[in-house]
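Please read the following report alongside the sequence and the model.

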Amino acid sequence: MEPQVHSMELLSRSSRYAENAIEEENPTLERLAEEGKKVTKLNIGDPARFFPTPRYMIDAYIKALNEGKTSYVEPEGIPELRDAVAARYKRMYNEDIDRQSIFITHGVSEALIFMNSMFIDPGDMAVIFKPYYSVCYTGFRVFGGEPILQGYQEDRNWDLDTDELDRKIKENIGAGRRVKYISITNPSNPTGMVLERKVMERIVDIANDNGLILISDEIYDEVIYNGAKFTSVSEIAGDVPHIIFNGASKDLDATGFRIGFVLVPGEDKASEEIRKKMSDYCSMRLCVNTPAQYAVAEGINNIKEHEREVSEFVKAIEERANFASKLINESEYMHVVPPGGAYYLLPKLDMSRLRIKDDREFVHKLLEEEQVLLTRGSGFGADGHVRLVALPTKEILEYSINKINEFCRKHSR
Ligand SMILES: Cc1ncc(COP(=O)(O)O)c(C=O)c1O
């Protein structure tokens, strides 16, 4: 039968592809695997591939299964986990937040989809700092959003020009554009930079002054090192409407559990509306993995075990990130600002010294020729850079950086 429906008529007009740069070399990876070639992968920020998820959380997961906790549960999340998240924010940031203001999602990734679908009509704008965590930005594009991109300044340790930020927002609002939110990722993926408190206070003021919601992704809030000081938006936002993302993937080293937390603490009208919408979205997908929620509640509540695990983890990350930064900064072909949090390095390539078109070609050829996989910086709004994770052992990091240097020498002008 002749098909009568054309795909272009099916897709919404705002629909664009997310183009997640982190995964784009998968077809080449598959081919290399078929050819029997082993690839060193430094492209994905997945701690559980390098550090086993803590045993006490796995035991809690198994216990939940053995106790028959396998049914659907509350769409917004089990009370035990929502209360654990509330207690965590009270303990760490002195934030008073009740269970009703906390929602459990399939990772922060699902929360991002919820938020963009909730806020963004085609043509709407939001502020995204650049370099950005790719999926946050590209997910926003899928809903037809247009970013106000505010760049961090690499030559000033990724500092932010907040006066320029305020000016850009006012310009767009003045021109009749609908600007919805400011999104912060702190610590940053992909730079590992931790925002200073005074910069954050200024961002809170700017959000308030321009009537924007502040969305803060704090998923790496315990992965802080090199003397950096982390400030949660919950500590400084006061009555300014804000939404906080966090979850089990990074601090609890449980990416595959797929558990995220969304906090919407405000008593204002906008926050109330957002909470209603969140409940509605949560109910559309029924609930989040039940035993994983019990395991993450234990992951948070067992403070003694957690602190032991997280301090060992962060110490190892600090060593690895500093080791890799030093090696990178000894290279003639690249330079990196050492991170203060998360576990990413975003070296800038000296493209003028290479016979390579751009960072996309760099990543692809490096994979083909040396079987080392990075992610192209342009996928994070940082052209001419590459992102690598500092999660593997020092031996693997050294091997990979040596390979990158060899590759650069081979392709140098
Ligand atoms: C800043 C940031 N937010 C969110 C995520 C995704 O988190 P989740 O596993 O909770 O979906 C990542 C993953 O790398 C990230 O770097």
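A disulfide is taken here as a pair of cysteine sulfur atoms within 2.5 Å. By this rule the count comes to 0 disulfides. The model is a predicted one, in which local features need pLDDT of at least 70 and side-chain atom pairs count only at pLDDT 80 or more, while totals for chains, interfaces and linings use all residues. Residues are numbered from 1 along each chain as its sequence is written, and side-chain values use heavy atoms, with hydrogens and water left out.

For Cys 287, the closest cysteine sulfur belongs to Cys 282 and lies 10 Å away, which is too far for a bond. Cys 287 is also buried, at 10% relative accessibility, where buried means under 20% relative accessible area, exposed over 50%, and partly exposed in between (1.4 Å probe, protein chains only). Cys 408 is likewise buried, with a relative accessible area of 0%.

**Ligand site**

Around the ligand there are 13 residues, of which Val 108, Ser 109, Asp 217, Tyr 220 and Ser 249 come nearest; a residue is counted as near when one of its heavy atoms lies within 4 Å. The table gives polar side-chain contacts, each a pair of N or O atoms within 3.5 Å.

| Residue | Ligand atom | Distance |
|---|---|---|
| Asp 217 | nitrogen | 2.5 Å |
| Tyr 220 | oxygen | 2.6 Å |
| Lys 250 | oxygen | 2.8 Å |

Taken alone, the ligand exposes 390 Å², and the protein buries 94% of that, with accessible areas computed by the Shrake-Rupley method using a 1.4 Å probe.

Met 334 lies in strand β10 (residues 334-335), strands being DSSP runs (E) of at least two residues, numbered from the N terminus. Met 334 counts as buried, at 6% relative accessibility. Beyond its neighbours within four places in sequence, Met 334 is in contact with residues including Ile 328, Pro 347, Leu 349, Ile 401 and Ile 404, contact meaning heavy atoms within 4.5 Å. Although Met 334 and Ile 404 are 70 residues apart in sequence, their C-alpha atoms are 9.8 Å apart in space.

**A three-stranded sheet**

An open sheet is formed by 3 strands in the order β11-β15-β14, with antiparallel pairing. Because β11 (344-345) and β14 (375-376) each have a single partner strand, they stand at the edges, and one side of each is left without a neighbour in the sheet. Two strands pair if DSSP finds at least two bridges between them, and β11 pairs with β15 (residues 386-389) in the antiparallel sense over 2 bridges. Within this pairing, Tyr 344 has Val 389 of β15 as its bridge partner.

Key
Helices (H or I, at least four residues) and strands (E, at least two) are DSSP runs, numbered from the N terminus. A polar contact is a pair of N or O atoms within 3.5 Å; within protein, one must be able to donate a hydrogen and the other to accept it, and residues adjacent in sequence count only if both atoms are side-chain atoms.
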